[in-house]
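This report goes through a protein model by sheet, core and aromatic pairs. The sequence and structure are shown first.

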Amino acid sequence: MRHVISILMENESGALSRVAGLFSARGYNIESLTVAPTEDESLSRMTLVTRGDEAIIEQITKQLNKLIEVVKLVDLSEGSHIEREMMLIKVKAERAHREEVMRLTDIFRGTVIDVTDTSFIIEMTGKSSKLDAFVRAVHEELVVEVVRSGPSGIARGAKGLTL
């Protein structure tokens, strides 16, 4: 099962390396990983996506909690939460394809952020499945490059990952 784990951790050098090392030492895979500072500059929020049964995820969370840099963590998959991912995609947009690419971009509520004579760069945010669907909808030969952030997530409701 897919799990989205959100971690509040001390913003210091080597912390990310220790989390990644914990996963690699135990043979677990990180599907995606995003890290950014929070409103408190001494803390960062890490969101990672991994797969495993309940026993594996329990083991991962116990091991993460043992790391000195980890202040608090929550498995967002255990409750109601919102996930969003950002994608930048460069597509060939020569005269014959410009209208089709613009139409698809509008349908998927993306934004063209760069235009040249031969290409568009499109920015899109949403669920991973929406971004996957857009990539599939664009003719494969038109896709030049795709860059994705990986999901970021937040729990719904009043409760939050804070100190």
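The sections below describe the sheet, then the nonpolar cores, then the aromatic pairs.

The model is predicted: local features need pLDDT of at least 70, side-chain atom pairs count only at pLDDT 80 or more, and totals for chains, interfaces and linings use all residues. Residues are numbered from 1 along each chain as its sequence is written, and side-chain values use heavy atoms, with hydrogens and water left out.

**The sheet**

Helices (H or I, at least four residues) and strands (E, at least two) are DSSP runs, numbered from the N terminus. Two strands count as paired if DSSP finds at least two bridges between them. An open sheet is formed by 4 strands in the order S2-S3-S1-S4, with antiparallel pairing. S2 (32-37) and S4 are at the edges with a single partner strand each, so one side of each has no neighbour in the sheet. From one strand to the next the twist averages 15 degrees.

| Strand pair | Bridges | Residues paired |
|---|---|---|
| S1 and S4 | 5 bridges | Leu-8 with Lys-72 in S4 |

Burial is judged by relative accessible area: buried means under 20%, exposed over 50%, and partly exposed in between (1.4 Å probe, protein chains only). In S1, 7 of the 9 residues are buried, so this strand is largely enclosed by the rest of the structure.

Helix H1 lies across S1, S2 and S3 and runs at about 20 degrees to S3. Axes are lines fitted to C-alpha atoms, for helices over the stretch in contact, and angles run from 0 to 180 degrees between N-to-C directions.

**The nonpolar cores**

A nonpolar core is a set of buried Ala, Val, Leu, Ile, Met, Phe, Trp, Tyr and Cys residues joined through side-chain atoms within 4.5 Å. The largest has 15 residues, of which Ile-5, Ile-7, Val-19, Phe-23, Leu-48 and Leu-64 touch the most other members. At least two residues of this core come from each of S1 (2-10), H1 (15-25), S3 (43-51), H2 (54-66) and S4 (70-75). H1 contributes the most, with 4 residues.

Contact means heavy atoms within 4.5 Å. Leaving aside residues up to four places away in sequence, Leu-64 touches Ile-5, Ile-7, Val-19, Leu-22, Phe-23, Val-70 and Leu-73. Another core, of 14 residues, lies apart from this one, and Met-87, Val-91, Val-101 and Leu-142 are among its members.

**The aromatic pairs**

Rings of Phe, Tyr and Trp (its six-membered ring) pair if their centres lie within 6.5 Å; planes under 30 degrees apart count as stacked, over 60 as edge-to-face and the rest as tilted. This rule gives 2 aromatic pairs. Phe-23 and Tyr-28 have ring centres 6.4 Å apart and planes at 80 degrees, so this pair is edge-to-face. Phe-23, at 1% relative accessibility, is buried, whereas Tyr-28, at 21%, is partly exposed.

Phe-108 and Phe-134 also form an edge-to-face pair, with 5.3 Å from centre to centre and 75 degrees between the planes. Phe-108 is in the loop between H3 (95-107) and S6 (111-115) and Phe-134 is in H4 (residues 128-137), so the pair ties together parts 26 residues apart in sequence. Phe-108 is buried at 17% relative accessibility, and Phe-134 is buried at 0%.
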